[in-house]
Amino acid sequence: NNKNKNDDKEEEEEEVGGQDTIRVRIWQALADGTELSLSQLGSRVGERRFGDLKSHLMHVEKQAKTLSNKSDEWRARRGLLSFTTEEHTNNTTSPSS
């Protein structure tokens with residue numbers, strides 16, 4: 001139940017004042033697979049406090065574990081267009097032998 005409340009809260013907070021939230025910006029910054037230091041990531045997403053950035057990164061990591069459950073719109077907003085549900089399904093199903 002707690003998970004659903006967090007998901008709802010996140011959806012409400014995705015856009016604040018017409019601007020993407022810090023977690024959406026983190027996804028966008030990391031979507032191309034480029035490795036960034038905390039300092040570089042903080043500069044890209046506009047978060048100078050490393051403690052807060054680390055906290056947001058931990059949440060993004062949890063989201064990454066459930067990408068297949070996310071909507072196409074959710075993934076597209078974060079720059080994850082190449083990760084489709086069909087692609088994930090094909091990569092995780094084992095061939096019947």
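This is a predicted model: local features need pLDDT of at least 70, side-chain atom pairs count only at pLDDT 80 or more; totals for chains, interfaces and linings use all residues.
Entry 1: The contact involves I22, R25, I26, A29 and L30 on the α2 side, and L41, R44 and V45 on the α3 side. I noted that α2 spans residues 22–30 and α3 spans residues 38–45. Their axes lie 9 Å apart, and the packing angle is about 120°. Angles of 65 to 115 degrees count as roughly perpendicular and those over 145 as roughly antiparallel, so the pair falls under oblique.

**Entry 2: residue H56.** I then turned to H56, which sits in helix α4, residues 50–64. Is H56 buried or exposed? Its relative accessible area is 17%, and buried means under 20%; H56 is therefore buried. Setting aside neighbours within four places in sequence, I found H56 in contact with I22, R23 and I26. With R23, the H56 side chain forms a side-chain polar contact of 3.1 Å. I recorded that I22 and I26 also belong to the α2 side of the contact with α3.

**Entry 3: confidence.** I checked the pLDDT and found a chain average of 79, with 65% of the residues scoring at least 70. Over residues 1–6 the pLDDT stays under 50, and the model has one contact beyond four places in sequence for them. Residues 87–97 also stay under 50, with three such contacts.

How values were computed:
Residues are numbered from 1 along each chain as its sequence is written. Side-chain values use heavy atoms; hydrogens and water are left out. Helices (H or I, at least four residues) and strands (E, at least two) are DSSP runs, numbered from the N terminus. Buried means under 20% relative accessible area, exposed over 50%, partly exposed in between (1.4 Å probe, protein chains only). A polar contact is a pair of N or O atoms within 3.5 Å; within protein, one must be able to donate a hydrogen and the other to accept it, and residues adjacent in sequence count only if both atoms are side-chain atoms. Contact means heavy atoms within 4.5 Å. pLDDT is the predictor's confidence in each residue, from 0 to 100. Axes are lines fitted to C-alpha atoms, for helices over the stretch in contact, and angles run from 0 to 180 degrees between N-to-C directions. Angles under 35 degrees count as roughly parallel, over 145 as roughly antiparallel, 65 to 115 as roughly perpendicular and the rest as oblique.
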